[in-house]
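Let's walk through this protein together, one region at a time.

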Amino acid sequence: MRYSTIPLAQSIILHCKAKGIQNIVISPGSRNAPLTIGFSENPFFKCFSIVDERCAAFFALGIAQHLQEPVALVCTSGSALLNYYPAVAEAFYSSIPLIVVSADRPSYKIDIGDGQTIRQDDVFHRHIGCSVNLKQDISHAPEKIQKYAPDLITENTIENTQKKVQSFNDDSLNKAINLAYTHKTPVHINVPFEEPLYDFIDDNTVKPSLVFNIERDESSGLDLGHLTAIWKTAERKMVLVGVSHPNSIDQQVLDILANDPSVIVFTETTSNLHHPDFFPSIDTIVAPIEKLDQKDDLFRQLQPEILLTFGGLIVSKKIKAFLRQYQAKQHWHIDEIKAYDTFFSLSHHVKIAPNSFLKILLDGPEGNTKGNYSKYWLNVKEGFRLKKMEYLHQIPFSDLLAFRYISQSVPMEYQLHLANSSTIRYAQLFNWHPSVKMFCNRGTSGIDGSTSTAIGASIFSKEPTLLITGDLSFFYDSNALWNEHIRSDFRILLINNGGGGIFRILPGQEDTPNFETYFETVQNLDAKHLCNLYGFEHTKASGPKELEDRLKFFYKESDKPKLLEICTPRLLNNKILLGYFDFLSSDFINH
């Protein structure tokens, strides 16, 4: 086992090891060599080599998302660091702890025309939990410091200055790493190294000062008894759940909510919460009502007195539009760290774990059991379900029909990752087996790293992983497949509709060359060549019978990962989807 002779490199290795940061994702470079060798030669760490820094960062995000613990990223100096930014922003808004460690040039070599140097300090300052710019060791290459930056020697000797530097760096490392744990946030540690970079010793010479606990303020300043009393007397209560980790809420709690006639529970696909009396397909309820003459009356019947939310960001634009126009009297968001005023009606941020708060809220005698808030909307839900089945049996092959077959095909216990744009929205229209664990990068909702994230998340999963993705998202992140860590049970379902199909659904769609080129971005790419390049088994389906046949064998064990490319009609998909909501609303039953 080797350590760099650079004290700062040793400190980072020792801090990470002491605080249990075991998974390290490294991209190649020279400036980060002291860290690369220190991490990779220490048996405590599990290191992954990913060349493309953008893919590396999403890969690390996937691991951190799955394990719910910090993962470190290590890169060289220069533009390498900037390629982390999309994943850092996603981690920031999704509350996923990433520890970004960027090797840097000495401060006296920045902005003088030296190669591979940029201003790396605080580069993520608007999307980061904490940025620390560590100080360069004075005891390493002191002759260069004396020549180029003697002002760095602030004490009367190099030895005394080095002690001060070591103390500052230890404090900064403790602050950043502890914050990643306590606030579930990405942090950035910028590390200046002077050459020589490749001198190593067999044992460490640094004894870092370690601080393990930083208390997080969990007091909400709220009278929970008062909130409980309000809850129990309200007649219309809506629970809306965004991105949540599987098994984060006890089933007993979910059962109590489902059986309360004054409560309706809207769940996003990514909530990983299930009950027969929940409303998992939000748009199937809200979108048809928008088209009705009596929509105002119906939305007022749906309007809650109390809106209780927890989990991450919400996909459904329909529910956001509804709750912004028909605001709840009170909106409570339950989260230990942050609360977004998504519906412009936030009244209380309860800084407690959702499961703990719900147990307090639902404890004791039942509350208001009058009214038919839940019963009425469950009847509406059942009516729409029957209409939905009728519609699906009469439409031609399309994205919508493909998702029907896909949703019924996924084996139990699978880990399922969904790409953004059309993919997540189609997925929200269908029910999935409760044992399937659902994930999607909804922090920034970008298409840029879905494949890399899914591959990262698959590494430590006990179950196989499936990614469902659209063509633009897949081809955009194709470097994700340039990865030696992909398991043979990894699966990709690629919906290839020849472009950005979501733009045909959004307002402003028009069949013009300008629209097709700059919005829809029509393409004729075939995934077969990428599969051959990266060792994936490739099959294709272009119709319902072909898709059913392919899906029968798609999940079976194999020696290499598989990709099934599902080709759907570009010019028909939007018409079928929009027709779906028209069809539901055409036969709204007056309950």
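In this predicted model, five strands form an open sheet, and they line up in the order β10-β9-β11-β12-β13 with parallel pairing. Which strands stand at the edges? They are β10 (263-267) and β13 (346-350); each has a single partner strand, so one side of each is left without a neighbour in the sheet.

Now zoom in on one pair of strands. Strand β12 (residues 330-334) runs parallel to β13, and four bridges join the two.

Let's move on to another sheet. Six strands form an open sheet here, arranged as β3-β2-β4-β5-β7-β6, and the pairing is parallel. At its edges stand β3 (46-49) and β6 (130-133), each with a single partner strand, so one side of each is left without a neighbour in the sheet. From one strand to the next, the twist averages 20°. Inside this sheet, strand β2 (residues 23-26) and strand β4 (residues 71-75) run parallel and are joined by three bridges. To find this pairing on your screen, look for I24, which stands opposite A72 in β4.

Next, let's see how some helices meet. The axes of α9 and helix α10 (residues 295-302) come within 9 Å and cross at roughly 150°. Since angles over 145 degrees count as roughly antiparallel, that makes α9 roughly antiparallel to α10. On the α9 side, V286, I289 and E290 make the contact, and on the α10 side K295, L298 and F299 do. By class, this contact has four nonpolar, no polar and two charged residues.

How do α9 and α13 cross? Their axes come within 10 Å and cross at roughly 85°, and α9 and α13 are therefore roughly perpendicular to each other. Here T284, I285, P288 and I289 in α9 meet W377, K381 and F384 in α13. The classes in this contact are five nonpolar, one polar and one charged. Notice that I289 of α9 takes part in the contact with α10 and also meets α13.

The elements that give two or more residues to the lining are α9 (282-290), α13 (373-392) and α14 (399-409). Of these, α13 gives the most, with eight residues. Sorted by class, the lining has 15 nonpolar, eleven polar and six charged residues.

Finally, here are two details of the backbone. Most residues other than glycine have a negative phi, and most peptide bonds are trans. Against that background, look at E195 and P196: a cis peptide bond joins them, with omega about 5°. P196 is found in the loop between β7 (187-192) and β8 (200-201). The other detail is Q68, which has a positive phi of about 55° although it is not a glycine. Q68 lies in the loop between α3 (53-67) and β4, and β4 is the strand that three bridges join to β2.

Key
Residues numbered from 1 in each chain as written. Predicted model: local features only at pLDDT ≥ 70, side-chain atom pairs only at ≥ 80, totals over all residues. Heavy atoms only, no water. Nonpolar A, V, L, I, M, F, W, Y, C, P; charged D, E, K, R; others polar. Pairing = 2+ DSSP bridges. Axes fitted to C-alpha atoms, helices over the stretch in contact; angles between N-to-C directions. Parallel < 35°, antiparallel > 145°, perpendicular 65-115°, else oblique. Contact = heavy atoms within 4.5 Å.
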